[in-house]
Amino acid sequence: MNSYFQFVHNLKGGSRFEHFKPAVKNAIVSYYIRQLDGLNDLERSIVCEANEDVLSYISDHLDLKTYYRSIILTTSASSFVEDVDFNNIRAIINLRQINHIQHPNELFRAVNTLLPDNGIYVGRVETYGERKVKIYRRVGRNFGRLLWMADFLVNRVIPRIPYLDDLYYFLTDGRFRAISEAEVLGRLVYCGFEIVNITSIQGLSYFVALKVKQPSEAPNPSYYPIIKLNRVGKNGNMINVYKFRTMHPYSEYIQDYVIRLHGYNARGKPASDFRVTRLGKMFRKLWIDELPQLINIIRGEMKLVGLRPISWVRYNEFPKDLQQERIKFKPGCFPPYVALNMPDDKGNIEAERIYIRDLAKHPFTTDFTYLLRAVFNIAANKIRSA
């Protein structure tokens, strides 16, 4: 089919078309094919609001011609619902940037309510990484760095400080917020969606998500510097483990998504984990993020040395025999793999087995010995925080 259109429009055989890059060639061919098919009103509205690349991206995930009367489209100016059968909604395409919406979770919940199971939701957002690139391009790198830092402080940091956050949202309605890719995806999963794809097109990120369940009833995750992570404690009881934030808000909801994309690294942690912030990486390197776990020690939920507190997802990935053994003990701030310098996935599990055996043989000295080893490994920069 493509060859036919290339020849019929004189695109092959001595023309400049032969020298174009593959992406450009495909775009030209797609243009002629669409001219033959003719864009319907929905497709024309998408092109008018965005561009041909966005139309192509959406079309890859949603048949805009077949489901023309089952799709709600919202642009920055208005919503297109003429002739839409509201009793048979197939998809919602929202091209208003999530940054400009005061309550994104409420929007996502409303979309969830409108869509049937496996209904498709398409949206777009300007991530703060994309905003940084845009600022640099407009004003240059030197002045752009200052402007970016000011924007980051006002629209990213202040909304995460208690009391100042209320003032920020009162003054701005949250319409200029800087938001990360991880946070957007986490909010979607929190509100009952499964992430299908996300990609950047000309400075904006477009996502496709499926409705797979009802929105979570759990309270909204906080933005504050100290967070509570739901972890498996003694006797299998779930406890809230306190840490300094090292990830973007809502990151806990996309752990499965990150693992599905990249799997685990050699240390047994999610590979290429874009959920971790730059400051978070520094905190982890210096083990600063673990300090608030002293609260858990005071509350009697953890001890100084012990098995690592892990999520329910990670717990279910452990061998069954170790699952039963590890819940007999309180988790600890300094886990065995730190003392034994066995941070990779298999070593992590083996370190726990060794620790349990040592604890059975030497119940009064094991924790002290492991603490000394852990402190040495951290001081020598041989190992980092999880």
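**Salt bridges**

Decide whether arginine 299, at 48% relative accessibility, counts as buried, partly exposed or exposed.

Solution. Buried means under 20% relative accessible area, exposed over 50%, and partly exposed in between (1.4 Å probe, protein chains only). Arginine 299 stands at 48%, so it counts as partly exposed. The structure is a predicted model, in which local features need pLDDT of at least 70 and side-chain atom pairs count only at pLDDT 80 or more, while totals for chains, interfaces and linings use all residues. Residues are numbered from 1 along each chain as its sequence is written, and side-chain values use heavy atoms, with hydrogens and water left out.

Find the partner with which arginine 299 forms a salt bridge, and then examine the salt bridge of lysine 303.

Solution. Begin with the rule, by which a side-chain nitrogen of Lys or Arg must lie within 4 Å of a carboxyl oxygen of Asp or Glu; the count then comes to 18 salt bridges. The partner of arginine 299 is glutamate 301, and the closest N and O atoms of the two are 3.5 Å apart. For lysine 303, the side chain meets that of aspartate 367 in a salt bridge, with 3.2 Å from N to O. This pair links distant parts of the chain, since lysine 303 belongs to strand E9 (residues 303-305) and aspartate 367 to helix H17 (residues 366-379), 64 residues apart. Here helices (H or I, at least four residues) and strands (E, at least two) are DSSP runs, numbered from the N terminus.

Solution. The network consists of Glu126, Arg131, Lys134 and Asp151. Within it, the side chains of glutamate 126 and lysine 134 meet in a salt bridge of 2.8 Å, N to O.

**Aromatic rings**

Classify the pair formed by tyrosine 190 and tyrosine 250, and then say where each of the two rings lies in the chain.

Solution. Rings of Phe, Tyr and Trp (its six-membered ring) pair if their centres lie within 6.5 Å, and planes under 30 degrees apart count as stacked, over 60 as edge-to-face and the rest as tilted. By this rule the count comes to 13 aromatic pairs. For tyrosine 190 and tyrosine 250 the distance is 5.5 Å centre to centre and the angle between the planes is 75°, which makes the pair edge-to-face. Next, place the residues: tyrosine 190 lies in helix H9 (residues 181-190), while tyrosine 250 lies in the loop between strand E8 (238-244) and helix H10 (255-262), so that the pair links distant parts of the chain, 60 residues apart. Tyrosine 190 is buried, with a relative accessible area of 1%, and tyrosine 250 is likewise buried at 1% relative accessibility.

Tyrosine 250 also pairs with tyrosine 253, their ring centres being 6.4 Å apart; because the planes are at 40°, this pair is tilted. Tyrosine 253 itself is partly exposed, with a relative accessible area of 26%. Elsewhere, ring pairs link Phe108, Tyr121, Phe193 and Phe207 into a cluster.

**Strand E6 and its neighbours**

Describe how strand E6 (residues 204-211) is covered, and which sense of pairing it has with strand E4 and with strand E5.

Solution. Start with the strand itself: seven of the eight residues of E6 are buried, so the strand is mostly covered by the cut-off given above. Two strands pair if DSSP finds at least two bridges between them. Strand E4 (residues 120-125) pairs with E6 in the antiparallel sense over six bridges, and tyrosine 121 stands opposite alanine 209 in E6. Strand E5 (residues 193-201) also pairs with E6 in the antiparallel sense, over eight bridges, with serine 200 opposite serine 205 in E6. E5 and E6 form a hairpin with two residues between them, and glutamine 202 in the turn has a positive phi of about 50°.

To finish, consider isoleucine 120, which is found in strand E4 and is buried, with a relative accessible area of 7%. The C-alpha atoms of isoleucine 120 and isoleucine 89 are separated by 9.5 Å, although these residues are 31 residues apart along the chain.
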